[in-house]
Every structure is written in C-alpha cells, then in structure tokens.
Amino acid sequence: MRSITSQYLARYRRLTGDRSDSVLPVTGAQRRFLLVRSLDPSGRPDVVPMFFAFPHGTIDPERLRAAASRLAARHTALRSRPAVVRGTPVLCVADPDVGVTRPALVPGESPADALSRALESWDAQGPPLRLFLVRDEEREEEILAVALDHAVCDGRSLARIVDELGAAYSEEATDSHAAPGETEGELAVYRDAVLRQLAAEERAETAESAAYWADRLRTLHAHAPAPSPARVPEGTRPSGAAQARLPAYDGGVSFPGLLDACRSAARELYGPGLTVPLGYPWGGRPPGTEPVVGCFLNTLVFPADTGYGTGNEPGTGPGSEAMADAWWDDLDRADVPFDAVVTAARAAGSGWTGGLDGLLTVDDDSRRPPLVLAGVEGREVHVDGRPVRGPFAVSITQGAEIRLRMAWDRAVLDDETARRAFDALTHALRPSEPTVQ
C-alpha cells in the first residue's frame, strides 16, 4: 500500500498538474494543522501571536503596514492562504495583503482583553499575517501584536520574521511591493523546499517505521475530559495561565529532562499509571534546502508514563534513562508525518485518535531578537487568556534563566487542578539545593 505522503502527492498532482505557481503543496506538519482546523466546530485555526510594547508615538501605522506587506511579498508562506481544494490540503498563493487593525476598547476592557478578542475573531479565509495595534493609556504605550496562522509559520521562523519586519520598517520605501524577480525567485525556492520535505517524509514512511510507532504508541489513550463550556467560570477568559522564572542549569536542561518534567504535570492532571500523549515540535529541513520561512517542524508524539515521578533534577528519576533512550529512538523516525503515525497506531489496535493531552515548546533565549522599529526596541509582553489548542501547553525558554509558562483550556481543566500541575512542573525543573555536610 502506498504511503500517506505518496497518496497526498498523487492527489496534489491530479489537482494542479506538474507545476503550479498559484497552488502549492503542504508538508505533513501543515497537513496536521489543517486537519485540526477542519475538526474544530468553529473552524478556528491555530494562531501564533507575538506582542511588543512601544512608547506612544513610536509606530507609524502606514509605514508599518507597508513594511509588513513588503515582508509578505518576499516570503511565499506569508502571502499564501491555507485551504482544502477538492479534499486536498494546499497553499493558495495570493498577493500580499497585510493591514494594521486598531481594535477599539469597549467600556471596562483592558488592552490585553481587546487584543484577545481580536485574535479570537480571526477569519480563517483572510491573510496569514496580520497586525493589531492597541493603545495602553495607563502605561503610555502601544501594544503591537504580530500574528500568524500557524499553518504557514513554525516557531523557528518567528525570529527571522521579527528581524526582517524591523529591517523593512527602516527602509525608505513606502509602497508595499517587493521586486517581481525577488518574489518569483523566492516562490521557486519555497516550492523546492516543500517538495524536498515531502520527499523526506515519503522516504521515512516505511513498514519498519510504521511498526516502530505502532509498538511505541500501542497503549496510548487520550485522558483529558471532553471540553465543556460549563466548566469555564463566568466572566473569565477561555484559558488560564501561570508563569515562573527559575535559576538555569549549567548547559541547560536536556530535552528528555523537560519531557520528564512535563510528566509531573500530566500526573497531577490525569492521575498516575497512565500513558498520556504529549506533543512537541521537532525536525529540520532536508540537506540542500534553503532556509525559507514556513512550517517544516513535525509534531512528534511522546507517550508520557505517569506511573513514576521525577528525581531531584529533570531526567534523574526512576526510569528516566530508559525514557531518554526511547526518545532518541523516536528521533530516528522523526520524519514520519503525524497523520501516518496516528494511522500506524490505530492499525495496531490503539484507541488513540490523534488528540494530544499536552503540548511542549522549547526556545533558546539567544534566538529571540527584539522587534526594533526606527531604532526603538519593543518590549516583548505576554497576553494571557487566549484560546489554547489542547488541554494544556507548556513553553520553556532557556538562557540566563529558565522562563516557564503554562496555559490551559478552562473548558477542559479547572484552575485549581491546573495550578497544582504547574507547581509540580516547576518543582521538577527547580535545581536541587546542595546537600549540607
């Protein structure tokens, strides 16, 4: 039987022929985002926003709009609309169309509330890159949200987008057009990058890899309760959030150590003795692929065993060494697309349907440049309360310190339980005190 990637490519070629400059294929990671969107009753896409606060009077909205439009013109992904055409997920290339929306605050609403409301009303048919600007009278600042449809942009591309948006803002040009040759050349490079990624995924979908994931995920089940709006306290935002800053380890915490810590949170949320599906982005571009802006990080599934706790440091508890070894084995099959992994698990008799009980994203502080507009550096801020895709999501930034954030869907998890889980996660990541002799 042909692989899922082979079947997808055959459908795409029947749709477009050998080559199309207006309808492009998508990677396995992008297919997952479009599948999740199709299963959401509201059709809501995953949105990745970044928020920056600038002093009043710093931002010229028209100059910002022109800069963002030139940025989108230079990157195929930032001007393409994710769509499903005749049952085939694709990107439809369009002209750059980036506006600056200024949501008006309703009485009693904070700037953060206004931005959350604007993002919640995201129209899936609109452009993938959008800007929102809200005035904060109390702090004498303006908060700029740079928001992207996750189906066109992975986390690895965010730093580049921030850097290039600031550079485009500094250009003297006020129109929104890039040079035609620049736009056409990048489109060819982008198409090549996607086709290289799909070729790598096609090679990865072997009988051996299917057997590996089937065995690895055989006992997997989703354990989060079904969402219920009745669980959301009246007058509160759809999600809760907590954050902490912790001392850094020498060399940082290893990725298996971070997964190990997340098991502590999953144990508090769902109970001991379970195998919980946690998702995390991983991957890189195939050899020879240009570093285009886009979405090429696959979502890998980690079967988190909540049957035992962690030690004094992440990755040192009972069974942690075996867990880390299994994770390294997972990475050998990291190119197998998510939908193929789910299919393999279900063919082996697993009751898992592909839902994730938790998400983990990890960042390096050195890869998060500030947004600089006309020489003024924006202060990155967080806007909590936005809808969360999944019961809970953990983001960790490592550098001079560990910055830890966890958000949860209040329609799935109550605040008290979620905060206990966050405390367990924080405890697992906190360096142990030296032993007094």
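**Loops, cysteines and packed helices**

Modeller: Arg-86 sits in the loop between strand 3 (80–85) and strand 4 (88–93). Helices and strands here are DSSP runs numbered from the N terminus, helices being H or I of at least four residues and strands E of at least two. The model is a predicted one, in which local features need pLDDT of at least 70 and side-chain atom pairs count only at pLDDT 80 or more, while totals for chains, interfaces and linings use all residues. Residues are numbered from 1 along each chain as its sequence is written, and side-chain values use heavy atoms, with hydrogens and water left out.

Colleague: Why is Arg-86 called exposed?

Modeller: Its relative accessible area is 66%. A residue is buried under 20%, exposed over 50% and partly exposed in between, using a 1.4 Å probe and protein chains only; Arg-86 therefore counts as exposed. Its phi is also positive, about 50 degrees, although Arg-86 is not a glycine.

Colleague: Why is Asp-365 described as partly exposed?

Modeller: Its value is 29%, so Asp-365 is placed in the middle class. Asp-365 is in the loop between strand 11 (358–364) and strand 12 (372–373). Neighbours within four places in sequence aside, it is in contact with Thr-397, Gln-398, Gly-399 and Arg-403. Asp-365 and Arg-403 are 38 residues apart in sequence, yet their C-alpha atoms are 9.2 Å apart in space.

Colleague: How do you know that Cys-92 is in no disulfide?

Modeller: A search of the whole structure finds 0 disulfides. For Cys-92, the nearest cysteine sulfur is that of Cys-295, 16 Å away. At 22% relative accessibility, Cys-92 is partly exposed, whereas Cys-262 has 2% and is buried.

Colleague: What makes helix 8 roughly antiparallel to helix 11?

Modeller: Helix 8 (residues 255–270) and helix 11 (residues 415–429) pack at an angle of about 155 degrees, with axes 8 Å apart. Angles under 35 degrees count as roughly parallel, over 145 as roughly antiparallel, 65 to 115 as roughly perpendicular and the rest as oblique; helix 8 is therefore roughly antiparallel to helix 11. The axes are lines fitted to C-alpha atoms over the stretch in contact, and angles run from 0 to 180 degrees between N-to-C directions.

Colleague: Which residues of helix 8 and helix 11 meet?

Modeller: Among them are Leu-258, Cys-262 and Glu-268 in helix 8, and Arg-420, Ala-424 and Leu-429 in helix 11. The residues of this contact divide into 11 nonpolar, 2 polar and 2 charged. Here Ala, Val, Leu, Ile, Met, Phe, Trp, Tyr, Cys and Pro count as nonpolar, Asp, Glu, Lys and Arg as charged, and the others, Gly among them, as polar.

Conventions. Contact = heavy atoms within 4.5 Å. Disulfide = S-S within 2.5 Å.
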